[in-house]
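Hello,

Here is the structure I promised to pass on to you. Have a look at it first, and then read on for what turned up.

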Amino acid sequence: MPPEAEQSDFTPTWQFLNPVPRGPVPKAPEESAQPEIELTIDGRETSVPEGTTLLHAARGLGIDTPTLCYLESLTPVNVCRVCVVELEGSRTLVPACSRKVEPGMQVRTDSPRVRLSRRMVLEFLASSVDVSTAPELQAYMDEYEAEPERYGPPGPAASDSVRDNAVPGHHDSPVLDAAETVEQPVKIDNELYIRDYSKCILCYKCVEACGEDAQNTFAIAVAGRGFDARISTEFAVPLPDSACVYCGNCIGVCPTGALMFRSEFDMRAAGTWDEAAQSETDTICSYCGVGCSLSLHIQDNEIVKVMSPLESEVTKGNLCIKGRFGWQFMQQPKKEADEAQEDAQASE
Amino acid sequence: MDLHLTSDTPNAAEQLAVDSVLDAPESGFISDAHFISGEAYAPAAGHAARANRHLLLPVLHAIQERIGWISPGALNYACQRLTVPPTEAYGVATFYALFSVQPKPPVVAHVCDDIACMANGAETLCAEMAERFGAPGSAEQDSNLTWHHSPCLGMCERPPAAMVTAAGVTPSTTALAPVGIDEIAQTLADRGHTNKASEASTSVRSVPQAGSEELRLLRRVDRIDPDDLASYCGAGGYRALERALDMGPAQVVREVVASKLLGRGGAAFPAGVKWQAVASAETQPRYMICNADESEPGTFKDRVVMEEDPFAVVEAMTIAGAATGCGKGYIYLRGEYPLALERMTNAIAQARGAGLLGSSVLGHEVPFDIEIRRGAGAYICGEETALFNSIEGFRGEPRNKPPFPTEVGLFGKPTLVNNVETLINVLDIALEGGDAFAAIGTEQSTGTKLFCLSGHVARPGVYEVPFGTTLEELISLAGGVAGNGRLQAVLLGGAAGTFLTPQELALPLTFEATRTVGATLGSGVVMLFDDSVNMQNVLLRIAAFFRDESCGQCVPCRVGTVRQEELLHRLVADKTIGSVANEIHLLNEVGQAMRDASICGLGQTASSAIESAVARMELFNGKSH
Ligand SMILES: Cc1cc2nc3c(=O)[nH]c(=O)nc-3n(C[C@H](O)[C@H](O)[C@H](O)COP(=O)(O)O)c2cc1C
Ligand code: SF4
Ligand code: SF4
Ligand code: SF4
Ligand code: FES
Ligand code: FES
């Protein structure tokens, strides 16, 4: 962990009064000197630069495709398979998010085969994962008429650390009257954010954000195999014992609320979390000179979480502990703030 | 990256285990660290050290074998020396069934309860094990041993099978088949050090045709000493390599194309197309890999070839490397094959000693050497792109294709991957020419094929027949149906294959004929079940296998294999949600999504055998709700 944790003057100020406009919306790779590739999507001919993905080619035609594990700022891992499309001549469906266009491709994005696979993927997820804080996924479920109840009621939750200690290549026989889930106790091991892996769809986004694609910290990775695969620190140690520097970038990319600000988690538990009553203010973090864009979520005049717009040229959605969590110290009464600050520094 | 290590420290034995791999002399099996990075792998920081990440798997093996499990201190030390983040190394260690990251007794019996052994006494054996040693995985306090169920150990011709691993200063892996409770108990008590004579002498039974003049691929079995290069050469060995070197690479590739040889690893891809692609690649280095991970339940042909004719594999790999311009070959060998490992290690060393491997093969300006990499208990690592990740020191998760291995393979370089059996066909292609080879078998399926007969068959073992032989002929070659003599079903192609009924035995065994009936030759499995076998239990075991072996990366397979197993359990127990027809419809939809949307062949075929049994054998038709 970098030893540069500053001991003093931890008093961020916020430019509430100077909201800044959001950066440009991400778009398909620039039309440049790249050769154009012609293909047909849903019967419509289009032509896009070489290297474009089917997802972007389709979006260019106004055809939307669901995605869960895809994010502009991360290397495609193409693991969720909700974006699959039908490609003529291909035995299997192909992932739109990572498959590159080729001349003459005939693609269908809404065939019965496509719809079935998308529906099944959504049912598989919703029958094994708590998707209650994943609005995007819920919307897809409506669109594809997913019925996760078809597999039976959710099975029993795993008790503490059972999933963390699962052994590859072995599993217990399934219970007969229920569908197995990943339900397990929430991991609350620091003041800043919680990890509720009952809500994890294993999209790999947090791993990528923590590793090569952004943070380069490698505090978390996928461990285990098959249905027992899970996001974990080494030997499942608590975050304060891991390499984590609390940049919160993993929270920023998590699509399901599995990674959640402690503030949001506590408010939800207390029943006071009210998104409808929240406003968002864009500003620039004044803590250092980098100029990271912040988007402050405010409820009842209090900051309840801090994100950074993915589209931001400066941050691409990423922040550091100060921009992400500094507001907690500002809002807390003095003593608590000192404690939290010590915590944060100890863990940095 | 700022490497954050934990405060855990290794004990002396753990440190020695890690050092034994990383400080081994250059001539050892890890010489290729230099090959990759061009630098010594001192505990340097930065790129040089990071370039040694591919040694992670050998290092984890060393710790596991020395201590019996991988402790936080041992992992931390390995990470420090390799510059790998501990969390990633933990992710790799927890991927393999033969590694444990929790304290575990040093001596472990792995008892096969997979489908061929199931038909031949595995259930009784496991019950006896439980009685004597407690429930699987349980170890009594202070006990130095434990046991587990195991998926197919690749010794299905001699059921039931078991393997004993013993960690320590002189670690051992002992394969036992056929085996009874007393022998397992004795081996456990001896910490694995039983005499190996029983293993070697059983080869007679592994290849019942041994000695027959008609054999091509298996012609040297029992006729040579598999540990002796001179004996191999005396039986015509290394003439094919000489011939290939005389012909030159371009001509060898043309002969392989002309032979119309199709891959024997399961996917039946034309070998010539791959060879051409790698040979014409413009980058160096490039790699050749012999896929010897053989873990498809019911498959043991590659094991028998490596045990009985290891030099043939070395020679064939050398031809492949020379023809495609690869200076470096890897053989990725299943972790559960101790005798094959021993013989291949010896064969490579002898070949190297005789100048048949090294910087100038047979005195020609052709460099080629081979390194063995051992798997660690993961069926998925036989999938070629998962295999690359495994060698590179990452989790054995398949990569998305395209790009294909011939363009972007091991270490991102063009890579030729072929199965053991595919490769040994090349010897005859080099000797006789591609056209002569193509004259054997049928128009589209050329040459001969190795089949693995097991289950209720009179003389189980590996058989070699020309393509086009019918299933019936093959079964009678193996002495016909055993058990109670009344055949119920044949599993063709393995757990990822198809069940056939006794009415379908006239099927000619070719790639094209099996395709037309919706079946596959897969890896050459032919497993017979008499009508005393409860096929529902067989299906449950297959479903459990796929659930255990899914890498977990993609949703359709990670969750689909779980839902498939649950559905089967409900059908078998007659506890369906809604009607049976309803559940079978759901089972088919799960299968469809796995087939269509999974990343790799594991998920794409995980429903194949199960759906074929449900459809062809009308397994659940008698039930109603
Ligand atoms: C789940 C899975 C397991 C596989 N296991 C093996 C294996 O053990 N041995 C093998 O040769 N091929 C295996 N394959 C096939 C390989 O991916 C690859 O196609 C093959 O090694 C290519 O060699 P070939 O063309 O000579 O057959 C497996 C494929 C899948 C999807
Ligand atoms: S907070 Fe930052 S360092 Fe910690 S796990 Fe998340 S991405 Fe990694
Ligand atoms: S914790 Fe969130 S971001 Fe990470 S894999 Fe799970 S769902 Fe994806
Ligand atoms: S199909 Fe299964 S084994 Fe293959 S990548 Fe997906 S989860 Fe892994
Ligand atoms: S969005 Fe394409 S596979 Fe997940
Ligand atoms: S060794 Fe037991 S099924 Fe193959």
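How many residues of domain 1 of chain A are in contact with domain 2 of chain A? There are 18 of them, and they meet 17 residues of domain 2 of chain A; two residues are in contact if their C-beta atoms, placed from the backbone, lie within 7 Å.

Before going further, a word on conventions. This is a predicted model, in which local features need pLDDT of at least 70 and side-chain atom pairs count only at pLDDT 80 or more, while totals for chains, interfaces and linings use all residues. Residues are numbered from 1 along each chain as its sequence is written, and chains are lettered from A and ligands numbered from 1 in the order in which they are written.

Chain A

Back to those two domains. Domain 1 of chain A covers 52-150 and domain 2 covers 193-347; domain bounds come from an automatic or database domain assignment. Taken over C-alpha atoms, the centres of the two domains of chain A are separated by 27 Å. On the side of domain 1 of chain A that touches domain 2 of chain A, there are twelve nonpolar, three polar and three charged residues. Here Ala, Val, Leu, Ile, Met, Phe, Trp, Tyr, Cys and Pro count as nonpolar, Asp, Glu, Lys and Arg as charged, and the others, Gly among them, as polar.

Chain A also has residues around ligand 3: of the 14 in that shell, C200(A), C203(A), C206(A), C254(A) and A258(A) come nearest. A residue is near a molecule if its C-beta atom, placed from the backbone, lies within 6 Å of it. The shell around ligand 3 divides into twelve nonpolar, one polar and one charged residues.

Where the chains meet

Chain B gives 51 residues to the contact and chain A gives 49. On the chain B side, helix 5 (72-82), helix 6 (86-93), helix 24 (535-549), helix 25 (555-573) and helix 26 (580-597) each give two or more residues. Helices (H or I, at least four residues) and strands (E, at least two) are DSSP runs, numbered from the N terminus. Helix 25 of chain B has the largest share of that side, with twelve residues. By class, the side of chain B that touches chain A has 22 nonpolar, 16 polar and 13 charged residues.

The domains and ligands of chain B

Chain B is assigned domain 1 (12-93), domain 2 (107-194), domain 3 (229-438), domain 4 (449-528) and domain 5 (535-616). Between domain 3 and domain 4 of chain B, the C-alpha centres lie 27 Å apart. Twelve residues of domain 3 of chain B are in contact with 14 residues of domain 4 of chain B.

Ligand 1 lies between domain 3 and domain 5 of chain B, because both give residues to its shell. Of the 22 residues around ligand 1, the ones that come nearest are G263(B), G265(B), G382(B), N419(B) and G601(B). Strand 8 (415-419) of chain B supplies the largest share of this shell, three residues. The classes in the shell around ligand 1 are seven nonpolar, ten polar and five charged.

Around ligand 4 there are 14 residues, of which C551(B), C554(B), C557(B), C600(B) and G603(B) come nearest. Helix 25 and helix 27 (601-605) of chain B each supply at least two residues of the shell around ligand 4.

One is helix 8 (residues 122-133) of chain B. Its buried residues are A122(B), L125(B), C126(B), M129(B) and F133(B); a residue is buried if 20 or more other C-beta atoms lie within 10 Å of its own, exposed if 12 or fewer, and partly exposed in between, with C-beta atoms placed from the backbone. They cover an arc of only 95 degrees around the axis, so they sit on the same side of helix 8 of chain B; the arc is that of the directions from the helix axis to the C-beta atoms. T124(B), A127(B) and E131(B) are exposed on the other side of the helix. The buried residues of helix 8 of chain B pack against strand 1 (107-112), helix 7 (115-118), strand 2 (145-150) and helix 9 (181-189) of chain B.

The other is E14(B), found in helix 1 (residues 12-22) of chain B. E14(B) counts as buried because it has 22 C-beta neighbours inside 10 Å. Beyond its neighbours within four places in sequence, E14(B) is in contact with I63(B), I67(B), S71(B), G73(B), A74(B) and Y77(B).

Enjoy exploring!
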